[in-house]
Amino acid sequence: MYHVVKKRLLATGIALLDVNAPAVAAKVEPGQFVIVRVDEQSERIPLTVMDFDREKGTITIVVQDVGYSSAIITGMNEGDAFQDFVGPLGVESEIENYGTVVCIGGGLGIAPIHPIARALKDAGNHVISVLGARSADLLILEDEMAAASSEVVIATNDGSKGVKGFVTDGLAEVLAQGHQVKAIWAIGPMIMMKAVVDYTRSLGIKTIVSMNPIMVDGTGMCGACRISVGNETKFACVDGPEFDGHLVDFDLAMKRLAFYKDEENRAKARLECNHEGGHH
Amino acid sequence: MAENIESTKKVKIPRHEMPCQEPEVRARNFEEVALGYTEETAIEEAKRCLQCKKPKCVTGCPVEVLIPEFIKKVAEGDFQEAGNVLKIKNSLPAVCGRVCPQENQCESKCILGIKGESVAIGRLERFAADFGMKTGKSVFEKPALSGKRVAIIGAGPAGLACAGDLAKAGHAVTVLEALHVAGGVLMYGIPQFRLPKEIVQTEIENLKTMGVEILTNQVVGKITSVDELMENGYDAVFIGTGAGLPYFMDIPGENLNGVYSANEFLTRTNLMKGYKFPDYATPVKVGKNVAVLGAGNVAMDSARTALRLGAENVYIIYRRSRDEMPARKEELEHAEEEGIQFRLLTNPVAIEGDERGWVKSLTCLRYELGEPDASGRRAPIAIKGSEFDIPMDTVVVAIGQGPNPLVTTSTPGLELNKRGNIVADPETLMTSKPGVFAGGDIVTGAATVILAMGAGKKAAAGIDQYLKGK
Ligand SMILES: Cc1cc2nc3c(=O)[nH]c(=O)nc-3n(C[C@H](O)[C@H](O)[C@H](O)COP(=O)(O)OP(=O)(O)OC[C@H]3O[C@@H](n4cnc5c(N)ncnc54)[C@H](O)[C@@H]3O)c2cc1C
Ligand SMILES: Cc1cc2nc3c(=O)[nH]c(=O)nc-3n(C[C@H](O)[C@H](O)[C@H](O)COP(=O)(O)OP(=O)(O)OC[C@H]3O[C@@H](n4cnc5c(N)ncnc54)[C@H](O)[C@@H]3O)c2cc1C
Ligand code: SF4
Ligand code: SF4
Ligand code: FES
Ligand SMILES: [Mg+2]
C-alpha cells in the first residue's frame, strides 16, 4: 500500500498529495509520471510527478477532479492509501544547459512543469516560467514556481492577475523583451499546447510538449496511448510523454481523448448519485 | 493377444465430449464455456488410455507430463494423486488443461488417435488439476536453502514456472511484475470465459506458499535494471517479459476512435474487468458491428469478447482461407457456434472515419488462393478492383505482438536477434550476459503457454547448474 502522508488543497477541485513510494522516489526524474490505482475496482490513472523527495521517499502528485476516478483521488486524505502506485514511467526530460528557456504551464500543467523548470535552472539555464490560469483563484503553485524559476510571468484569461489573456500572450511578452529563447517546454490542456506550438513554429523555437492521451498499462503493451508524431505512430507512455510539439498531430490527439465520453459521463453520474444517496 | 483385443475395443469407444454452456447462452456471459468432466466421465475417459509402455503422447508434450501415470490414477478414482503426478512436471496443470493446443501436442501423438480418437488428455488434466485445487492439498516440502537469490522479471507462465522450480531447488526467488497482478497473458489476455482468473491466482498463491516472493508494480527498465539487480545481490536473473508489444497493420485510419489493439481490448475487459463497468471503473466499448483483424487465438478471444460485450455482428477478417487459420481448433469451433462471422480471403486496406474521428466502415479487398508460397501454403492474391466497404463501429487489430523493448534496451550487452527477441543458449537458456537467463515469448516470439512454461523450467535447471558452479 502507498499511503498519502500529506494533502493540501490548491484550488477548488485541485489537490496536492505526497505519497509514500520510496522505490519510485529513488529513481524518478523530471518529466516522468506514475500510474495509480486506488483499489480493486479502480481504473489505472496516469499522473505526472510534480515533485519528489528521495530522502523521505515521497512522490508529490497534483490531481484535478475532472471525473469519476480523479474525484475519488482528490477526495483522499492523509492516512488513506493507494493499492497500486507504479513508476517512474515514461522518458525523462532532456535537461541540459540551453541558455535561456521558457517553461509554460497552463492550468494543471503547472504541476508537471515544476520539476522540469527546477532541473533546467539547476543545470544553469535562465528559466522564465509563464504560468496561465482562467483566473487568479485557479492559479496553483505560484510560490513553488517562483523558487524553481529565474523569472515568472503570469497570464489569466480574465485579467485578475498578470497579463490578461492566454499563455501565448505571456510568451509574446517574454519574447518582446528580446530574450534569446533556445527552447520552450509547454504543458497544459492539449488545446493550449496546440496554441503554443502554432505560435512558436513560425519562430523556429524548439518546443517540447507533454502528451496526456488515454492510457491503460503505461508500459507499451496496449497501444491505447498512441499519437501521431511526424506522421509516425508513437506510444506516449514509453516513447514520451514529451515530444517535439511541432511534429505532433494535436487534432487527432484531441479527438482521441473523447473515446470514452459516454462511459465517463455514466460513471460520473453514478458518483453524484452515490453522494446524494449518502452511501458508496 | 489379449492386449490387442483390449486395445481394439478401446479404439472403438468414442472420446467423451466436454460438456459446455449452450452457445446462445454463453455468447452473452463471461462464465467459463467448458464446464469440465464429471467424476464418472473422467473415469470412463481415463479407462480408454492403453497405458502404453512407450507412451507417444509424452513426446508431444513440451514439459513431458507423466501422462499415462496420471491418467491411471484418474481411472482408479484417485484424483488427488492424479493431480500430484501432474504437478511433478507441470506447475500450472489447471491452466494447461484448458489452454494447451492439445490437438497439435500430446493428443496429436496419442496412439489411439491413429485409428480413432485420441485420449482427451487435456480434459483429464483439467479435471485432475481442478480436483486438487478444490481439496487444496499441495505437496510441497521446504527444501534445504541454497543461500542464493534469483530475480525473475515478468510473472507470466515462463517466469512463474521458473520461480516454482527454483524455489523447489532451495533458491530464494523474487518475481518483479510490471502490472498490478501476476499472471501475464493468463490474466490480461486470455478471457475469463476460457480461463477463469481465480484459477490462475490459486496457482500463484501456491507459488507464494512455496516461498516465492512476488512484487507487482515493478517496471524493470525503469525502477530498476538487470545490471542493478545483479549488483544488488541477486546471483542470477531470468527475463520472461513476453511478447507484449502490439503490432498494427499500418493502414489509414488505424488511430480513429473505435480502433483497438487486441491487447488494449482484452486488457480493459479481463485485467481491468471492464465487462463489469461501472462497478469496475475502467470502460470498454463496442458498437453494433465489430471487425477483428487476424485469425489466431488472440483474434478468436477478441471476437468472442466483443460478442459478450453486446455486439450484434462480429466478423473475423482474414486474408487466407479457413485451413490456414492459426487459432486452436476448439476455439474456432466455439467461435463459430456462438455466431462469429468469418470473412475469409478478405483483407482490410483502410478504416474510414466520420468527421468526429470515429470508425464508420472498413474497406476490404477480396483475395483468391494462388500457387503455394515459401511456407507451403497457397499464397493469397488480391483480386484487382474488388474493394468493398462494410459498415463498422469497432475494429480490433489482432495481427500479432512483438517483444517489448523496455528491458532489452535497458540492458547493455544483451544479444538480440533481428526481431528484437533475446538470444539464449538452447540448452541452458543463458543469454550473452553471464548469469542472465531468458525464456518464453521474449525469446521465441509469441508462442504458447506450455512452451513458455517449458522454457521457464529449462532456465531454472540452467540457473541451478550455474549457481552450483559459482
Ligand atoms: C502522462 C499523463 C500525465 C497526466 N498527469 C496528470 C496530472 O498530473 N494531474 C491530473 O490531474 N491529471 C493528469 N493526467 C490526466 C488524468 O490522467 C485524467 O484526468 C484522469 O485519468 C481522468 O480520469 P477520471 O476518471 O477522473 O475522468 P473521466 O471522466 O474518466 O475522464 C475525463 C477525461 O480525462 C481523460 N482520461 C480519461 N481516462 C484517462 C486515462 N486512463 N488516461 C489519461 N487520460 C484519461 C479523457 O480525456 C477524459 O475525457 C495525466 C494524463 C497522462 C496521460
Ligand atoms: C489473447 C491471447 C490468447 C492466447 N491464447 C493461448 C492459448 O489458448 N493457448 C496457449 O498455449 N497460448 C495462448 N496464448 C499465448 C500465451 O499466452 C503466451 O505464449 C504465453 O503467455 C507467454 O508466456 P511468457 O511468460 O513468455 O509471457 P507473458 O505471458 O506475456 O508474461 C510476461 C509478463 O512480463 C511482464 N513484463 C513485461 N515487461 C516487463 C518489465 N519491463 N518489467 C516487469 N515485468 C514485465 C508482463 O507484464 C507480463 O506479466 C495467447 C496469447 C494471447 C495474447
Ligand atoms: S501440458 Fe499441455 S501438452 Fe502437456 S500433457 Fe498437458 S495438455 Fe498436453
Ligand atoms: S499414447 Fe494415448 S493411449 Fe498411449 S499412454 Fe498416451 S494417452 Fe494413453
Ligand atoms: S498506455 Fe498502453 S501502450 Fe501506452
Ligand atoms: Mg475515468
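## Shell of ligand 3

By class, ligand 3 has a shell of eight nonpolar, three polar and one charged residues. Here Ala, Val, Leu, Ile, Met, Phe, Trp, Tyr, Cys and Pro count as nonpolar, Asp, Glu, Lys and Arg as charged, and the others, Gly among them, as polar. The shell consists of C61(B), P62(B), V65(B), I67(B), N90(B), C96(B), C100(B), Q102(B), Q105(B), C106(B), E125(B) and I450(B). A residue is near a molecule if one of its heavy atoms lies within 4 Å of it.

## Basis of the values

This is a predicted model, where local features need pLDDT of at least 70 and side-chain atom pairs count only at pLDDT 80 or more, while totals for chains, interfaces and linings use all residues. Residues are numbered from 1 along each chain as its sequence is written, chains are lettered from A and ligands numbered from 1 in the order in which they are written, and side-chain values use heavy atoms, with hydrogens and water left out.

## Nonpolar cores

The largest nonpolar core holds 98 residues, and I67(B), F70(B), V74(B) and I239(B) have the most contacts inside it. Such a core is a set of buried Ala, Val, Leu, Ile, Met, Phe, Trp, Tyr and Cys residues joined through side-chain atoms within 4.5 Å. Buried means under 20% relative accessible area, exposed over 50%, and partly exposed in between (1.4 Å probe, protein chains only). Helix 20 of chain B, residues 449-468, gives the most to this core: nine residues. Helices (H or I, at least four residues) and strands (E, at least two) are DSSP runs, numbered from the N terminus. Another core lies apart from the largest one; it has 56 residues, including A155(A), V197(A), I251(B) and L256(B).

Beyond four places in sequence, I67(B) touches C57(B), V58(B), C61(B), C106(B) and I121(B). Contact means heavy atoms within 4.5 Å.

## Cysteines

How many disulfides does a search of the whole structure find? Zero, over all chains. The criterion is a pair of cysteine sulfur atoms within 2.5 Å. C222(A) is buried, at 2% relative accessible area. C52(B) is partly exposed, at 28%.

## Interface of chains A and B

On the chain B side, 42 residues are in contact with 46 residues of chain A. The two chains bury about 3700 Å² between them, 56% of it on carbon and sulfur atoms. In chain B, N217(B), K222(B) and N255(B) lose the most area to chain A, together 18% of what that side buries. Buried area is the accessible area (1.4 Å probe) that two parts lose on being put together, summed over both.

R270(A) reaches across to chain B: leaving aside neighbours within four places in sequence, it is in contact with P278(B) and D279(B). R270(A) sits in helix 9 of chain A, residues 261-277. It is partly exposed, with 27% relative accessibility. R270(A) and Y68(A) are 202 residues apart along the chain, yet their C-alpha atoms are separated by 8.4 Å.

## Two buried helix residues

P93(B) lies in helix 7 of chain B, residues 93-99. Its relative accessible area is 1%, so it counts as buried. Outside four places in sequence, P93(B) touches L86(B), K87(B), E125(B), A129(B) and E203(B). F127(B) is 34 residues from P93(B) in sequence and 9.5 Å from it in space, C-alpha to C-alpha.

E45(B) is in helix 3 of chain B, residues 39-48. Is E45(B) buried or exposed? It counts as buried, at 0% relative accessibility. Not counting residues up to four places away, E45(B) touches R15(B), H16(B), Y37(B), S118(B), V119(B), A120(B) and L124(B).

## Backbone exceptions

Most residues other than glycine have a negative phi, and most peptide bonds are trans. A cis bond joins G87(A) and P88(A), with omega about -5 degrees. P88(A) is in strand 7 of chain A, residues 84-89. The bond from G240(A) to P241(A) is also cis, with omega near 10 degrees. P241(A) lies in the loop between helix 7 (236-239) and strand 16 (242-244) of chain A.

L141(A) has a positive phi of about 60 degrees. It is in the loop between strand 9 (126-133) and helix 4 (142-148) of chain A, and it is buried at 5% relative accessibility. E64(B) has a positive phi near 55 degrees. E64(B) lies in the loop between helix 4 (56-59) and helix 5 (67-75) of chain B, and it is partly exposed at 46%.
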